[in-house]
Structures are given as C-alpha cells and as structure tokens.
Amino acid sequence: MKKIAIFTDDPGWHGRQLQQAFLRRGYQASYVSLTQCQLVLASGFIPVLIPGFDGCLPEAVFVRGVPGGSLEEVIFYLDILHALKMLGVPVYNDAQAIERSVDKGMTSFLLQRSGIPTPETWQVRDREVALEILEQQLSLGHLMMTKPVFGSQGEGIRRIEKMADLLWLTSSRGIYYLQRFVHCSGDGFSDIRVFVIKGWVVAAMKRRGRSWLNNVAQGATCEAVVPDPKLEELALAAVQAIGMDYAGVDVIQDKNGDYLVIEVNSIPAWKGLQSVCELNIAQLLVDNLLERLPLTNNEVADVAL
Ligand SMILES: Nc1ncnc2c1ncn2[C@@H]1O[C@H](COP(=O)(O)OP(=O)(O)O)[C@@H](O)[C@H]1O
Ligand SMILES: [Mg+2]
C-alpha cells in the first residue's frame, strides 16, 4: 500500500481521523515524530530519512505538529519539511506556511501588508518601548493584549486593562507582542473560526468563551454559523496572504460590525468544528492533499477511458 507520513508527537483524535481518511483512499498513513527524522547527506542515501519508510520517501506528508525546542531543533524540523518539498514530496501545510503563521509578528505583518483588517499591533524587543506603547494606548482608552509570539490555544495571552497591570508585564522570550483589544459585537465574548481548504470556505463556527479568550482549548463553546460573503472573502484573502493550502482563520466582529482577522493557523485543530459540521473535515483535507500526487499509470489509464 502507498505510504503517507503524518508528522505528530501526539496523534490523538485528529491523527485517527486522518489515518482513517487516508485508508478510505487506499493509503497507509503512519505517525512519525520530526524528532526521529534525519538528514543523511551521504552517497547512496535519500537525503531525508524517515523512520518506518525503509529509506524511501513517503507519497506525501501531513504536518499535524512541529515540536518545540531550541532554535536549532526547531530549524532542523523545518529543514526536514523544506527538504521534503524540494525532493518533490507534497508537504501539507508546507514549511513556509508554518513558519509564517507560527510567528504572530510575521502573520500580523503579512495581513496588514495585504490590506486585511487586523487589530493594531506592535512587536518590540525593548521593555521600555513596550511600556511606553502600552501606557500611551491605555491613556487613549484602549485595552491591550500581550501574546507569546509562538503561542497557541490561548496560552499565555494577557489583557492589560490599567496602568497597574504594567508592573507585571512579561516578555515572550525577550520579545513583546502587543495588540489592541477589540470589543466584539453582541453579548458576552465571541469570535469566529473559519476553516478554509484550498480557496474554499468549508465551514465556520462562532466560539463563545467564558471570558475574552475564545479558544476551544480554553473552554469556549462552538456553534455553527453560515459566513456572509464579506467574511468568506476576508478569510480567503487572509489565507492567501500567508500562502497556505488550508487554514483555520480567527476573526473578530467588532461593535461596528466590521471583521478583523486575528490570526491564521497553519496546523488548526478541527475537533470542535467537526462537532457542529456535517462534512467530514479530515476527508476533505486528505482528498485535497491527495489531489497533488501524480497519477499512477493505472490511474492515468482510468482517466483516459
Ligand atoms: N486583539 C484582540 N482583541 C480581542 N480578542 C482577542 C484579540 N486577540 C486575541 N483575542 C482572543 O484571544 C483568542 C486567542 O488569540 P489568538 O491570537 O488567536 O492566539 P492563539 O494562537 O493562542 O489562539 C482569540 O481567539 C480571541 O478570542
Ligand atoms: Mg487562535
């Protein structure tokens, strides 16, 4: 059977969903940790060694997780993904998309550069400068967010509400990512997760948080919504701005009804969305990835018939 690698250190529900979806299409997908891969630049070897693949390359790879670690470790994992793509293996999402979206500063820059509405954001190294910006924004009446640059699932995000909060200001490994807080429309707290696969909005849901953090991982509830054309257009433009095959786009609707893109996730979870959506999201992802594979001789003959 043709083989696929799913890069993950924690397969869980998503890993199983993907494995079943690949199996339905006749592919055997195995879980592999990027920590176990090697670059072997010696004669007679394929340069990327993936455990369980007998020195051969997989038909394609699905990236469900890139482990954290030192800068060297993370760059090594990304090198493996870059190298696989250069060797002709479809990598979903590819290393460039992951690099851009994991880094909140670069995501904000690319969104802003493409003219996509996104909250005002500052990223600085100097603590005094960060404090000045926050003081100024608070004095203008804005609440502020500080976020870990490589954070996810709402972890480590703080809301700065008053000058006294500045006493506890901490950096994200030396860097300050500061963003204006957007007061959302409607009652309570909510944002919208829009799931996009290759230029198509597959599904969307409203996430209602217990407080201003609307991540499912932080206990937000999910409710399916039908995105209006403006939201669809915005989500598609955001995914294009970062250059992704598929993505989970986080959008907030402000008190005026305008949409702002908060972030674009290149390794989004979809368990919450699947619970309120009829379509099989794992199958749509897998089918979109498999479309990139060259047809085998038999398949070419079938198409020709
Ligand atoms: N500028 C903001 N204004 C209001 N709420 C925000 C803002 N930024 C983030 N949030 C809330 O925090 C959640 C997590 O922020 P996000 O930037 O998506 O980080 P993570 O990568 O941890 O999900 C968002 O889904 C949203 O509910
Ligand atoms: Mg998010």
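**Sheets, helices and a ligand shell**

User: How many bridges join β1 to β2?

Analyst: This is a predicted model. Strand β1 covers residues 2-7 and runs parallel to β2. One bridge partner of F7 can be named: V32 in β2. The number of bridges joining β1 to β2 is six.

User: Why is one side of β2 left without a neighbour in the sheet?

Analyst: The open sheet has four strands in the order β2-β1-β5-β6, with parallel pairing. β2 (27-32) and β6 (91-92) each have a single partner strand, so one side of each has no neighbour in the sheet. The reason is the place where β2 stands: at the edge.

User: Which helix lies across β1, β2 and β5?

Analyst: The helix spans residues 12-24. It runs at about 155 degrees to β2. Its name is α1.

User: Which residue of β12 is the bridge partner of I192?

Analyst: β11 (residues 190-197) and β12 (residues 200-208) run antiparallel. Eight bridges join them. For I192, the partner in β12 is K206.

User: At what angle do α4 and α6 pack?

Analyst: α4 holds residues 104-113, and α6 holds residues 229-242. Their axes are 9 Å apart. The crossing is right-handed. The angle is about 120 degrees.

User: How many residues in the contact of α4 with α6 are nonpolar?

Analyst: From α4 come T107, L110 and L111. They meet A238, A241 and I242 in α6. By class, one residue is polar and no residue is charged. The nonpolar count is five.

User: How many charged residues are in the shell around ligand 1?

Analyst: The shell has 22 residues, and the closest are P119, S152, V182, N214 and E263. By class, nine are nonpolar and eight are polar. The charged count is five.

User: Which strands each supply at least two residues of that shell around ligand 1?

Analyst: Start with the domains. Domain 2 (121-180) and domain 3 (184-284) each give at least three residues to the shell. Now take the strands: those that each supply at least two residues are β10 (176-180), β14 (246-253) and β15.

Notes: Residues numbered from 1 in each chain as written. Chains lettered and ligands numbered in written order. Predicted model: local features only at pLDDT ≥ 70, side-chain atom pairs only at ≥ 80, totals over all residues. Pairing = 2+ DSSP bridges. Near = placed C-beta within 6 Å. Nonpolar A, V, L, I, M, F, W, Y, C, P; charged D, E, K, R; others polar. Domains from an automatic or database assignment. Contact = placed C-beta atoms within 7 Å. Axes fitted to C-alpha atoms, helices over the stretch in contact; angles between N-to-C directions. Left-handed = near helix turned anticlockwise from the far one by under 90°.
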